[in-house]
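Subject: Handover of a structure and notes on its contents

Dear colleague,

Please find below the structure that I am passing on to you. My notes on it follow, and I would ask you to read them with the structure open.

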Amino acid sequence: MASTVLVVTALEDVTADLVIHALNEREVPVVRVDPADIGADLAFGFRLGEDDPLWAGRLTTPSREMDVREVAAVYYRRPTPYTTRFGHLPRQQQVFCEAEARHGLGGVLNALRMATYVNHPHAVARADFKPAQLQRLAVSGLRVPPTLITNEVDTARQFAADHGRIVCKTFRGLPRSEDAHAGAIWTQRVDPDSFDESLTVTAHLFQAEIPKRADVRITVVGHRVFAQQIITPDRALDWRRGDWDERSHSSIAVPPTIEASLHAYLKFFGLVFGCFDFALTEDGDDADDWWAIECNPNGQWGWLPDAADIAEAFADILSNNVRKETPGHGDAR
């Protein structure tokens with residue numbers, strides 16, 4: 001039985017730090033790597049033999065050396081994109097080196113057959129498309145707001161006429177600007193009278209607005225479910241907007257039918273973990289009060305009041321197949 005948990009993430013990641021702390025408390029050996037460090041700070045040599053069908057070899061950081069066959073579990077968080085590592089190169093070389101690193105180093109790290117992945121990158125990629133999410137949420141038995149994806153002006157106007165107040169959401173987050181500044185586009189109400197031919201340029205996601213009383217973030221890790229009700233002072237359309245210190249959090253019970261649907265959703269995509277967002281129209285006792293908005297297969301949860309309990313749930317899964325040993329452990333670079 002292997003003895004090490006591999007944490008694949010960026011250097012600064014509070015969420016991963018919480019999981020590593022929980023593993024350290026259990027004296028589970030941890031090696032932390034960011035694949036974008038490839039070079040002097042991250043070296044490797046992997047082999048397949050004629051009589052050996054599994055990858056073997058060493059992965060070396062400035063503070064650790066690890067045999068990939070010692071990896072019992074992989075916590076795949078949010079590693080730095082390879083584009084950052086090769087951004088200084090001319091475009092053709094950049095694209096080539098990025099692809100080679102992703103398919104070579106990343107290819108091996110994604111193919112450790114004896115390891116438990118939370119979550120496997122391929123499963124994350126499959127579950128990362130919002131149209132697939134919404135369809136599977138609905139197929140899993142959850143209420144989903146009436147939704148339209150379009151680039152047609154007349155179709156969008158008709159959708160608004162059919163459903164009254166509608167909101168617009170993005171499919172992905174706003175990329176960094178050329179000066180490296182990050183931004184956000186919040187969920188917002190839209191006036192169909194403002195629609196014009198600029199709508200045809202790209203795809204847009206519209207939904208009927210749900211008259212919510214609160215929001216709920218549900219974090220599912222394996223069989224464990226953690227639900228926090230989120231209320232903003234002004235009942236904001238998007239709870240992420242505004243002063244986070246003014247939000248209130250409280251635990252809330254999830255109806256059994258909703259919980260069963262969440263587990264069915266994760267099973268379909270091959271996920272061990274997911275962060276689900278819901279709009280709540282009443283007190284939440286009735287399953288009809290719960291409207292599924294999305295599931296982030298690699299979501300943040302370190303800011304939640306029950307983050308320590310969530311970290312323990314991750315540690316339970318990641319350490320399940322670990323062989324206890326006496327050598328040193330800890331957060332490694």
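This is a predicted model: local features need pLDDT of at least 70, side-chain atom pairs count only at pLDDT 80 or more; totals for chains, interfaces and linings use all residues.

Two packed helices are described by the angle between their axes and the distance between the axes. For α1 and α8, the axes come within 8 Å and cross at roughly 60 degrees.

On the α1 side they are Leu18, Val19, Ala22 and Leu23, and on the α8 side Ala307, Ala311, Glu312, Phe314, Ala315 and Leu318. By class, the contact of α1 with α8 has nine nonpolar residues, one charged residue and no polar ones.

In soluble globular proteins, nonpolar side chains tend to be buried together. In this model the largest nonpolar core has 28 residues, and Val5, Leu23, Tyr75, Trp301, Phe314 and Leu318 have the most contacts inside it. At least two residues of this core come from each of β1 (4-8), α1 (14-25), β6 (71-76), β15 (273-280) and α8 (307-318). The greatest contribution is that of α8, with seven residues. Leaving aside residues up to four places away in sequence, Leu318 touches Val5, Val19, Leu23, Ala73, Val74, Tyr75 and Val118. There is also a second, separate core of 25 residues, which includes Ile218, Phe269, Leu280 and Cys295.

A second pair of helices

The axes of α5 (residues 130-139) and α7 (residues 256-269) come within 9 Å and cross at roughly 135 degrees. That angle makes α5 oblique to α7. This crossing of α5 and α7 is right-handed. Here Ala132, Gln133, Arg136 and Leu137 of α5 meet Tyr265, Phe268 and Phe269 of α7. The residues of the contact of α5 with α7 divide into five nonpolar, one polar and one charged.

Two individual residues

Ala313 lies in helix α8. With a relative accessibility of 2%, Ala313 counts as buried, because the limit for buried is under 20%. Not counting residues up to four places away in sequence, Ala313 touches Val221, Arg224 and Phe226.

Ser250 belongs to strand β14 (residues 248-251). Its relative accessibility is 31%, so Ser250 counts as partly exposed. Apart from neighbours within four places in sequence, Ser250 is in contact with Ala227, Gln228 and Gln229.

Backbone features

Most residues other than glycine have a negative phi, and most peptide bonds are trans. Val118 and Asn119 are joined by a cis peptide bond, with omega about -15 degrees. Asn119 sits in the loop between β7 (116-118) and α4 (121-126). Glu27, although not a glycine, has a positive phi of about 60 degrees. Glu27 is in the loop between α1 and β2 (30-33). Is Glu27 buried or exposed? At 53% relative accessibility, Glu27 counts as exposed.

Yours sincerely

Methods: Residues are numbered from 1 along each chain as its sequence is written. Side-chain values use heavy atoms; hydrogens and water are left out. A nonpolar core is a set of buried Ala, Val, Leu, Ile, Met, Phe, Trp, Tyr and Cys residues joined through side-chain atoms within 4.5 Å. Buried means under 20% relative accessible area, exposed over 50%, partly exposed in between (1.4 Å probe, protein chains only). Helices (H or I, at least four residues) and strands (E, at least two) are DSSP runs, numbered from the N terminus. Contact means heavy atoms within 4.5 Å. Axes are lines fitted to C-alpha atoms, for helices over the stretch in contact, and angles run from 0 to 180 degrees between N-to-C directions. Angles under 35 degrees count as roughly parallel, over 145 as roughly antiparallel, 65 to 115 as roughly perpendicular and the rest as oblique. A crossing is left-handed if the near helix is turned anticlockwise from the far one by less than a right angle, and right-handed if clockwise. Ala, Val, Leu, Ile, Met, Phe, Trp, Tyr, Cys and Pro count as nonpolar, Asp, Glu, Lys and Arg as charged, and the others, Gly among them, as polar.
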